[in-house]
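Let's take a friendly look at one protein chain and some of the contacts inside it. Keep the structure open as you read.

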Amino acid sequence: MSWANWRVRSYDFQIKPIIALVIFIVFLRTILSTSPSLAWFEQMISTYGATHSSKPNLRADVRKDKFLEVPQIVWGLNNQKIALARSLLTARFLNRTLLMPSFSASLIYKEVELLQPMQFNKFFDFEKFNSICDGFVQLGQYSELSNKTEPFVIQKGSGRKWTKERDLRHLKEIVNDNKVHDLELVRIEGKNPFLWQDHWPVRDYAEIFGCLVLINEIENDVVKVISKIGEMSLKAKNNTDASSSNPVVPYIAVHIRIEKDWMIHCKKWEQRSRLNQICSSKKEILDRVSHIAGLNPPTVVYVAIADSLLEDDSVLEGWKVGLMPYEKKRLGVWEIYKKYPYLIQSAIDFEVCSRADIFVGNTYSTFSSLVVLSRTHKLLKLGFTDLCRNHDQLAIRFISYAYNILGDKNGAPKQWSTDMADSNLLKISFGTNNISCDANMSNS
């Protein structure tokens with residue numbers, strides 16, 4: 001056989017399998033697109049890709065040369081965190097970097113002109129955020145703008161007619177508008193981002209919250225508060241019987257909502273929704289906390305409560321013997337808190353609760369709900385998938401309970417974990433996002 005003939009035969013031998021493979025793929029896609037019975041195969045491939053992706057499944061990496069600007073973020077700490085995440089996810093949908101927004105340091109609901117702006121990087125670590133969330137969402141600084149073009153202004157719709165479907169359709173129109181695509185800056189005007197329609201799954205919010213790292217000054221003060229709690233726990237342990245076989249739980253945190261304005265709000269909520277598991281009296285909270293399994297006394301309890309709104313100054317009284325309650329003043333850390341505005345005080349309390357060995361809160365409180373979301377996310381990162389199993393408290397941290405819902409035994413509160421499969425934060429806003437851990441219900 002001549003060299004030329006051998007090359008032709010060799011080429012023919014190599015190309016035929018490739019042609020056959022192409023024909024097979026075209027044939028297979030035709031079958032999948034027309035046959036409902038085989039559609040599961042394509043869905044399985046799609047699901048596998050999403051499941052094994054290292055980043056949340058929204059879009060490719062966001063552009064870092066196109067930006068989105070949003071209004072100042074207002075209201076309470078956790079509403080502001082939700083608004084930030086919603087702004088970042090909107091920027092991602094538009095394939096843009098979010099310009100670093102301003103938080104509001106003060107808690108003023110009506111006098112917007114009196115709000116004290118606070119830059120993101122005075123609160124959270126800008127570089128660490130972008131490093132941890134790299135490839136998912138991105139924050140930019142105004143110094144990165146070239147100032148060559150005027151911003152394209154989007155007026156955010158409002159009112160009952162501005163439905164979730166209409167809002168999403170509007171965003172898609174912006175994505176597909178070539179004129180907007182080439183502009184450096186898009187500015188959204190109108191309502192506070194917390195009030196925007198929610199198109200984003202709970203898991204994506206959790207990813208963003210996981211990228212929020214306090215700046216060193218605030219983080220150091222969080223550590224000081226937790227260390228002080230540890231000192232109280234160690235002191236209590238040294239004063240007990242050393243022969244006890246069960247070591248003391250380092251500390252539990254209880255977020256108590258019994259302020260006057262909260263009780264008025266939740267009573268109205270109960271009337272409208274015809275539910276009776278929203279409000280909890282101080283007596284009910286203390287009773288249910290005392291029935292949590294594994295609290296071998298003495299147990300230090302950090303009580304997170306809004307001091308400026310609290311009218312019941314006896315909140316530290318009436319606890320079961322063996323439960324040792326401390327709030328920031330009795331703990332001796334008020335000097336740490338009072339040097340900061342409301343927003344950072346709340347952030348310190350949030351971290352103290354989030355890092356507690358056991359947390360107890362109210363499912364209708366945004367503060368409590370985001371604490372549990374953070375703790376659930378940490379458990380999943382640690383590899384715990386069955387969040388309703390009765391774990392040995394020595395082997396697992398971040399167990400949470402809802403004191404406004406009675407558990408299935410002994411008067412204890414219901415164990416509480418966030419359902420990370422929810423398609424948006426709506427259930428968290430209405431206090432119904434939780435995985436049921438009752439014995440007669442499944443964990444979905």
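Which residue forms a salt bridge with Lys328? The partner is Asp349, and the closest N and O atoms of the two are 3.4 Å apart. This pair links distant parts of the chain, with Asp349 in helix α13 and Lys328 in helix α11, 21 residues apart. Both Asp349 and Lys328 are buried. Keep in mind that you are looking at a predicted model.

The model has 15 salt bridges in total. In one of them, the side chains of Lys339 and Asp221 meet at 3.1 Å, N to O. Here too, distant parts of the chain are linked: Lys339 lies in the loop between α12 and α13, while Asp221 belongs to helix α8, 118 residues apart. Asp221 counts as buried because its relative accessible area is 2%, under the 20% cut-off.

Asp65 and Arg63 also join their side chains in a salt bridge, at 3.2 Å from N to O. Asp65 is partly exposed, with a relative accessible area of 41%, and Arg63 is partly exposed as well, at 25%. Elsewhere, Glu219, Glu351 and Arg355 are linked in a network of salt bridges.

## A buried asparagine

Now find Asn404 in strand β12, which covers residues 399–406. Is Asn404 buried or exposed? Asn404 has 2% relative accessibility, so it counts as buried.

Its side chain reaches the backbone oxygen of Gln277 at 2.6 Å. Beyond its close neighbours in sequence, Asn404 is in contact with several residues, including Ile278, Ser280, Arg288 and Tyr364.

Key:
Residues numbered from 1 in each chain as written. Predicted model: local features only at pLDDT ≥ 70, side-chain atom pairs only at ≥ 80, totals over all residues. Heavy atoms only, no water. Helix = DSSP H or I, 4+ residues; strand = E, 2+ residues; numbered from the N terminus. Buried < 20%, exposed > 50% of the residue type's maximum accessible area, 1.4 Å probe, protein only. Polar contact = N/O pair within 3.5 Å; in protein donor to acceptor, adjacent residues only side chain to side chain. Contact = heavy atoms within 4.5 Å. Salt bridge = Lys/Arg side-chain N within 4 Å of Asp/Glu carboxyl O. Lists of a residue's contacts leave out its neighbours within four places in sequence.
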